[in-house]
Amino acid sequence: MTERLVVVGSLNMDLSVTVPRLPAPGETVRGTEVVRGAGGKGANQAVAAARLGAAVTLVGLVGADAYGTELRERLAAEGVADHTVAELPDAASGLALIVVQQDGENTITLSPGANGRLDPATLAPLLDLALTPPPGAVLLQLEVPLSTVHAATRRSRAAGVRTVLNAAPLPEDPRALAELLGEIDVLVVNETEAAGLLDASPSPDTRPAEWAERADRLRSLGPDTVVVTLGAAGAVAAGPDGLLTEPGFTVRAVDTVGAGDAFCAQLALALGTSTPLPAALRRACAAGALAATRQGAQSALPTLAEVDQLVTRA
Ligand code: ADP
């Protein structure tokens, strides 16, 4: 049976220009032709799950502009159901303006646009549609208003559906998440976000075993299961059955953009079908590692066959 996943989150058009050097304030620098790419954590994780073989429904908002149309077309091309992505007539679509210096240093200006207008009232009918029939899990991130993430979590739980929160990007004051953490089932964060939530300093010397203990401390804030991703060092988890460390997969990494999104999508899918946590964590690490071997965000996301192959080969 095909696994079903609902993602509630953002859609952005990413516009990238490469320049010889980043402009100073007030300066104009000539760059390359614009490269357009579909992005936003919600859309990225939805596409990641679709490539991993799931039937995915994305709940979100775009503006009534050409970018909104293109973002939806790209979702459809990836097989993501977008009947619950609504178009807001008086809004612009979310947009990321990315300027990249030749050595990779970059600046990003993000205009949330329609994503910032996804309020609980707008969400309710869209989410109810997406929750029929109930999926294995609902996956959320923090690129839409916090009140909406709350509302989505409560509605999903009331429908008996497991909730997975990728707490990224972290709000300026992470204490704003206290109530939400008490309401979700699974929390996924990277090292920086975990440190931010614990008010600890993110030391590069922290060992996986210590991260596992930190995951356990995060668990005391509410979630049943906490996963911390550690880049090339894999991931750790704290759950009802104790602590886990997963060393991850050794790959030739070229660009880790998209790794976190692939990881979250695979983890939510596996947990949504009641895969035991150790196996879910391992598959998620395989998906993240494969995404790190390719350039870009959505373009780097692996397929189900690739994850199966890496997991069985290793
Ligand atoms: P984020 O991009 O959100 O900070 P991470 O960099 O921790 O997330 O990556 C997410 C997951 O992807 C990691 O837990 C790991 O399993 C995998 N991953 C990321 N980078 C690498 C890498 N260089 N080699 C192998 N696996 C990687």
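Hi everyone, let's start in strand β8, residues 137–140: Ala137 and Leu139 point one way, Val138 and Leu140 point the other way, and all of them are buried. Buried here means under 20% relative accessible area, while exposed means over 50% and partly exposed is in between, with a 1.4 Å probe and protein chains only.

Before going on, a word on the model. It is a predicted one, where local features need pLDDT of at least 70 and side-chain atom pairs count only at pLDDT 80 or more, while totals for chains, interfaces and linings use all residues. Residues are numbered from 1 along each chain as its sequence is written, and side-chain values use heavy atoms, leaving out hydrogens and water.

Now, who are the neighbours of β8? Strand β1, residues 4–8, pairs with β8 in the parallel sense over four bridges, and Val8 has Leu140 as its bridge partner there. Strand β9, residues 162–166, also pairs with β8 in the parallel sense, over four bridges, and Val138 stands opposite Thr163 of β9. Two strands pair if DSSP finds at least two bridges between them. Strands are DSSP runs of E with at least two residues, helices are runs of H or I with at least four, and both are numbered from the N terminus.

Let's zoom out to the sheet. Nine strands form an open sheet with mixed pairing, in the order β5-β4-β1-β8-β9-β10-β11-β12-β13. The edges are β5 (85–88) and β13 (242–246); each has a single partner strand, so one side of each is left without a neighbour in the sheet. From one strand to the next, the twist averages 15 degrees; axes are lines fitted to C-alpha atoms, for helices over the stretch in contact, and angles run from 0 to 180 degrees between N-to-C directions.

Four bridges join β5 to strand β4, residues 55–63, and the two run parallel. Gly60 has Val85 as its bridge partner in β5. In the loop between α2 (66–77) and β5 we find Asp82. Is Asp82 buried or exposed? Asp82 counts as buried, at 17% relative accessibility. Its side chain makes a polar contact of 3.4 Å with the side chain of Arg72. A polar contact is a pair of N or O atoms within 3.5 Å; within protein, one must be able to donate a hydrogen and the other to accept it, and residues adjacent in sequence count only if both atoms are side-chain atoms.

Next, the ligand. How many residues surround the ligand? There are 16, and the closest are Asn190, Thr229, Gly231, Gly234 and Phe249; near means that a heavy atom of the residue lies within 4 Å. A side-chain N or O atom of Thr229 is 2.8 Å from a ligand oxygen. A polar backbone atom of Gly231 is also 2.8 Å from an oxygen atom of the ligand, and for a backbone N or O atom of Gly234 the distance to a ligand oxygen is 2.9 Å. The protein covers 82% of the 550 Å² of accessible area that the ligand has on its own. Helices α8 (259–272) and α9 (277–292) each supply at least two residues of the shell around the ligand.

Last, the cysteines. A disulfide is a pair of cysteine sulfur atoms within 2.5 Å, and the count here is zero. The sulfur of Cys285 is 11 Å from the closest cysteine sulfur, in Cys264, too far for a bond. Cys264 is buried at 3% relative accessible area, and Cys285 is buried at 6%.

Conventions
Areas by Shrake-Rupley, 256 points an atom, 1.4 Å probe, with all protein chains shown as cover.
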